[in-house]
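Take a moment to look over the structure below.

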Amino acid sequence: MEKVVEIKGLKKVFGKTQALKDVSFDVTKGEIIGFIGPNGAGKSTTLRILLGLIKADDGQASIFGKDVWNDAVEIHKRVAYVPGDVNLWPNLTGGEVIDLFLSMRGQKVDKERKEELIKRFEFDPTKKCRGYSKGNRQKVALIAAFAADADVYIFDEPTAGLDPLQERVFQKQAREVKARGASIILSSHILSEVEQLCDTVAIISQGKIVESGSLNELRHLTRTQIIFKTKEDVPSLADQDFAHNVAHEKGETIFQLDSDKMAEFLRFVEPYHVTKLESAPPKLEDLFMRHYETTKGGV
Amino acid sequence: MASQAFAQTGRLFRFAIKKDWLKIFLWLLGVAFYVFIGVFVFVEVYGDPAEREALSYAMQNPAMEALFGRVIGQNNYTIGAMYSHMMTILGFVLFAIMSILLVVRNTRSEEEDGILELIQAQPTGRIAHTTSAILLLLVTNGLVLIITAALIIALGDTSMTVEGAFLTGTIYASAGLFFGAVTLVTAQLSSNARGAMMLAFSVLGISYIIRIIGDGGVPFLSWFSPLGLLYNTEPFVNNYWYPVFISLALSLLLTAFALYLKHKRDMGAGLIADRDGKRHASAFLKTPVGFVLDLIRTPLIVWTVSMAMLGITYGSVIGDVDSLLGGNEIVSQIIANQEGISMAEQFMAMILGVLGIFSSVPAVQFLLRIREEEKKNRLEKLIAGTRSRYHILGTFFLISAVIAIFMQIITSFAFGGAAVVMDFDVDFLKVMLAGLAYVPAIFVMIGLATLLVGWLPRLTSLIWLYLGFVFVNLYFGELFDFPQWLSALSAFHYVPEIPIEAWSWTVVFGLTAVAVGLSVAGFIGFRRRDID
């Protein structure tokens, strides 16, 4: 697959805090990558480096094979960006701002497409920006981004402030641009959104990519929740190194199983006459929580 | 890559005009008004050479020279010379402020708001946003030049030559460009708009003070102040052009430096590091008064220091007035037109009036801070709490009123103290009394601001227009012979000029009553109206 975005060993220090220690991941053509991590993990810093807004202290980052800092202008002709907190000029209308952003790309404003998006997002472009709510300001940036014919879309919590219906419109748009071969980097705290939309996921924690790959791959790395019941008593499950967080409830045992140790567990439990066995695949949330807890000093 | 850095400057510039034209238009209107008033009034009122000569002598004293600059062209004090002398320094300050605000508004403010992030994520050059602001600065100051020159040529008398008119316009524009360029640099140094503005205003303040010291007897120092430097062009008197080139060269250097920094640095970063804050709110911060005081802490400190310094500056020269001008008959006729009152006392009364107006600026500014909070949607958080609206506006109001008194005490104390230290024949207590006499007038100003906050929240800046009028009235009222009814509109007009006039309880109670009336109306309006 053709790599569109390549990031290798990014480092960035702000004063005394090391915001990025080692960030590496790639994005291929037509891929949607979910970029997740707790607050302050370095998501926005990474995205801002990709946009050439801030300069990495070390490491390489390129889009379309061009350096993100030196060739920012060239790159941005094919990149669209929506930040999580959009501020606009109070005395201009939303429609004017959308046109400005599109005109800066050197493209003729595709009126039909713009109107279509305005309709889909149920946006009123004739009001001055000072009157817009957070969600509406967000729509200005989203419409400008989707109306642009970009090859890479960078979204930093783009749906913060949108209602669930608009969120769905966003997802639909994202799938459409993916269908025509564009790549998307989506940073979001709405994990269900990432789960539905993304092909791959990169999890960042404390300035490092701690996990990356397709969702399926990642699931193997994590734990499956098992609920089971046996006729005979099981001797100290907690002593087994594949079992975590063992708990007993109404005669059932609930615990977290290392996903690659399923066979071992089945062999272990087999002699005790199993009457019930449920396994729930890990959700992205579980994956995420695991790393979130790590940052808090757990596990 | 170098050309890429400027990419889309043109488009951003056109857009900047679109969003900023009204503000620039209003400023230019102010510039035109300033020049018009100066030329028109000088030509109309000071047609008589003898009168002008008398005035030139009257102006030749440290206090006046500190304010206006040293007298130029005294041996032939034409209308042109008079205009250059009286209008230049004040004009510089005005145009410098215009340019500082313009640059901050179009650079660091938009960066702080995150607008620049959106722009720079488009295919625009890394410094295009800044170069567009520079273009806007150039065009605005270019228009200042043209408007000034055109008005002077159209309205001036024969002493106001075309060359002088263009030089006047050019130095106005040069002052604007210089301080605009300074602001371009401070916008890179500080990570926020307020810091950038404060730094730029500090440079302006320091330039003014260096010029005062220079004109006060250390002439070479004036050259080190951009204000003094450009003042030395002496339009209509000598028409020296070379200070303009020095100023433009410096502006160019500063601009280049600013662009270099902008190109190099990260978005959102400043070269001056931000300090870490406190983890917890102190008990003081949790009280309403403590909260508001914390909001205005830095400007309050800056204002206190500035006012004290102004007081000291004027206080330390006031005593020289007598020795400098005592022997001059013409001056005595014009200035000391009241028998038995010393020149020093007459000047003192006037200077204290000016300082009183200055004191009302922070008082009003801190009251209007409530509007700032409202516009930023922070007021709703305060009102949604358990405090009533009266309580919240009352807190701002109280602090504003206390600061008015505080500022007057500081300036009068600095003024009187400096005068006493310099061993001048000045009654310290009288100075304090003279300062305090202005407090009720400042209260009226605060009352008016409260009224605006309560009833016309979108037009609160009208108070500055009124303040400008009060200043013009006090400063130029007698010079320009303002009609009585017009002067009567100024709250400061009623304040007795101690030590020339006596303390008046009638005025104190009268003005305070007006202030209370306005404030009460304002409070009622604030309680009834919607919060933005």
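How many residues does the contact take from chain B and from chain A? The contact takes 27 residues from chain B and 32 from chain A, where contact means heavy atoms within 4.5 Å. This is a predicted model: local features need pLDDT of at least 70, side-chain atom pairs count only at pLDDT 80 or more, and totals for chains, interfaces and linings use all residues. Residues are numbered from 1 along each chain as its sequence is written, chains are lettered from A in the order in which they are written, and side-chain values use heavy atoms, without hydrogens and water.

Together, chain B and chain A bury about 2800 Å². Of this area, 60% is on carbon and sulfur atoms. Buried area is the accessible area (1.4 Å probe) that two parts lose on being put together, summed over both.

Now look at charge. Side chains of opposite charge can pair when their charged atoms come close. Three salt bridges join chain B and chain A; a salt bridge is a side-chain nitrogen of Lys or Arg within 4 Å of a carboxyl oxygen of Asp or Glu. One links K18(B) to E96(A), at 3.3 Å from N to O. Another pairs D266(B) with K12(A), with the closest N and O atoms 2.4 Å apart. Here D266(B) sits in the loop between α12 and α13 of chain B, while K12(A) lies in strand β1 of chain A. Helices (H or I, at least four residues) and strands (E, at least two) are DSSP runs, numbered from the N terminus.

Is D266(B) buried or exposed? D266(B) counts as buried because its relative accessible area is 12%, and buried means under 20%, exposed over 50%, partly exposed in between (1.4 Å probe, protein chains only).

E374(B) forms a salt bridge with R529(B), the closest N and O atoms being 2.8 Å apart. The two are 155 residues apart: E374(B) is in helix α17, and R529(B) is in the segment after α24. E374(B) is buried at 1% relative accessibility, and R529(B) is buried at 12%.

Helix α17 of chain B also holds R371(B). R371(B) is buried, at 4%. Beyond its neighbours within four places in sequence, R371(B) touches residues including R529(B) and D532(B).

Over all chains, the structure holds 27 salt bridges. In chain A, E116(A), R120(A), K172(A) and E176(A) are linked in a network of them.
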